Amino acid sequence: MQVSNITASILDVACDVLIVNLFEGVKSPGGATGAVDRALGGQISEIIEREGFEGKLGQVMTVRTGGAIPARAVVVAGLGKAEKFDRGAVRKASAAAARRAAEMKASKVATILHGAGIGGMPARQSAQATVEGAIIGTYRFVAYKSEPDGHDIAELVIVDNDASKFADAEAGAARGRIAAEAVNRARDLINSPANEVTPSCLADYARRLASEAGLDVTVLEREDIEKLGMGAFASVAKGSAQPPKFIVLTYTPPAPSDRTCAIVGKGITFDSGGLSLKDGSSMATMKDDMSGAAAVLTAMGAIAEIRPPVKVMAIVAATENMPGGRATRPGDIVRAMNGKTIEVENTDAEGRLTLADAVSYAVREGADEIVDLATLTGACVVALGRGMSGLFCNDPSLESRLLACGKASGDLLWPLPIFDDYFENIKSDVADMKNTGGREGSAIAGALLIREFAEGKPWAHLDIAGPAYIDKDNGLVGKGGAGAGVRLLIEYLCGPA
Ligand code: BES
Ligand code: MN
Ligand code: ZN
């Protein structure tokens, strides 16, 4: 979707669909929507009156213009209650309206800035959220359909008659486009099947991105991984016929920076559970176990475009987790890169083993701050559902920055405790620790294990198992891979638009 901004009266814009909006409960629209209503002889107020259009968030109505204005049709998007209005509402309203426009086979769509007038939202934020909603909301995954259905909107024009808002609206729209495209790329990687998206495929993706975007890339092979002493990561890869890849992408800012942020993504391209095999229904969606990797890799593409003043290192320890003659057995003891030993009690707790070495590597490479994103535990999905990720953090400043970025980006986080007492649960009789700590508090046990490898550096662990893969439409993202964490990472590393 091409995105542009113009300063004009919406009554003058030629397009297939013009999107305006309405707060819930408003009977006679004001602002831009009021102007369109008057130009259409009061049709919008009439539909509100006669058909009971309420302006609920996600609701849309369509009005034909019959040539009264140069737009072929008008879509009115409900913004929900004015008291609850925020960027999340803008994304959903914009998504619903853009979906309707796509259903109407619109190729050129014009939209007002939701909430930048009557809603009082800064034009920059409104433009960003409007564009994110339109691009994320109309995503389709049809790569494997012989006869793809549906329609793509070719062009989105953001229209505002106030020239003083132009620069802000343009900057917000540009950021929204970059972020939303990154989100959709992550969704493509997650939705593509594990027989295609192998560790080698992720490595190729990283190499292609590096050459296109001007990033540095290193891919370590099995021998390198073993030579570096990454025994925890290597142990997960042993049962798979697919070779593991340890992927490092580095962005260096134009002006030298003394700060390096490492972002680490769990990259299990398929999690069968290994010898501690999952049952059929738990295994069914385990192609999504590389959602953390998808988030960090696609966010790096956005970072290369936005060029923030900080050095960023993206790390993915990519492998499948499969059973097989060479697979790691329950009871095996492995040694991670920092020398610590882990007893593998359950081969299905593989994510923390790969993250142990990935986080160690980040520390060794001089990261000042480490954020990992991982579909780590079913327990976190049970605790928080699919609407937010669990946030575990050993540093209050990093924690509060991430929480704020979560709110701003819409990739919501909820703080969970790294409760020291529970370290007892992962103590092993035969090694420094074991990779499971029983059913109770299992998301916390995962965080406690990974913390052992951060060596006291400011570190955050985002358990994205819930939001990574959505089982039903949430108003912005449809079923399937969601690209959770991509917008959060961009906000965290680049700041606001
Ligand atoms: N990838 C799974 C976690 C997961 C579960 C993600 C459901 C998304 C939805 C992870 O590797 C796993 O299997 N975790 C186990 C850990 C347990 C064996 C300690 C879990 O949470 O059941
Ligand atoms: Mn597992
Ligand atoms: Zn897993």
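A residue counts as buried under 20% relative accessible area, as exposed over 50%, and as partly exposed in between. A174 has a relative accessible area of 34%, so A174 is partly exposed. This residue belongs to helix 5, which covers residues 166-191. A174 and A497 stand 323 residues apart along the chain, yet their C-alpha atoms are separated by 8.4 Å. These values, like the others here, come from a predicted model.

Now the whole protein. The fold holds 15 helices and 19 strands. Along the principal axes, the C-alpha trace spans about 80 × 50 × 45 Å. Buried residues make up 57% of the 497. Among contacts with a separation of 6 or more, 78% join residues 24 or more positions apart. The accessible surface is about 19,400 Å², and carbon and sulfur atoms contribute 49% of that area.

The zinc ion (ligand 3) is held by K266 (NZ), D271 (OD), D289 (OD) and E350 (OE). The distances here run from 2.0 to 2.4 Å. The sequence spacing is K-x4-D-x17-D-x60-E. The zinc ion also has six donor atoms, with angles of 78 to 174°, and its site is octahedral.

Which residue bridges the manganese ion and the zinc ion? D271 does, and the ions lie 3.1 Å apart. D271 and E350 link distant parts of the chain. D271 sits in strand 9 (residues 260-271), while E350 sits in the loop between strand 12 (341-343) and helix 11 (351-364). The two are 79 residues apart. Both D271 and E350 are buried. K266 is buried as well.

S291 touches K266, along with I190, T375, I464 and A468, leaving aside residues up to four places away in sequence. S291 lies in helix 10 (residues 291-306). Its relative accessibility is 2%, so S291 counts as buried.

The model has five aromatic pairs, counting rings whose centres lie within 6.5 Å. One of them joins F23 and F85 edge-to-face, at 5.1 Å centre to centre and 80° between the planes. F23 lies in the loop between strand 2 (15-22) and helix 1 (31-39), and F85 in the loop between strand 4 (71-78) and helix 3 (87-103), so this pair ties together parts 62 residues apart in sequence. F23 and F85 are both buried. F419 and Y422 have ring centres 4.7 Å apart and planes at 85°, so this pair is edge-to-face. F419 is partly exposed, with a relative accessible area of 38%. Y422, at 32%, is also partly exposed. Elsewhere, ring pairs link F233, F246 and Y361 into a cluster.

Definitions and conventions:
Residues numbered from 1 in each chain as written. Chains lettered and ligands numbered in written order. Predicted model: local features only at pLDDT ≥ 70, side-chain atom pairs only at ≥ 80, totals over all residues. Heavy atoms only, no water. Donors = N, O, S within 2.8 Å, 3.2 Å for Na, K, Ca; no water. Helix = DSSP H or I, 4+ residues; strand = E, 2+ residues; numbered from the N terminus. Buried < 20%, exposed > 50% of the residue type's maximum accessible area, 1.4 Å probe, protein only. Contact = heavy atoms within 4.5 Å. Areas by Shrake-Rupley, 256 points an atom, 1.4 Å probe, with all protein chains shown as cover. Tetrahedral: all angles 85-135°; square planar, octahedral: opposite > 155°, others 65-115°. Phe/Tyr/Trp six-rings, centres within 6.5 Å; stacked < 30°, edge-to-face > 60°.
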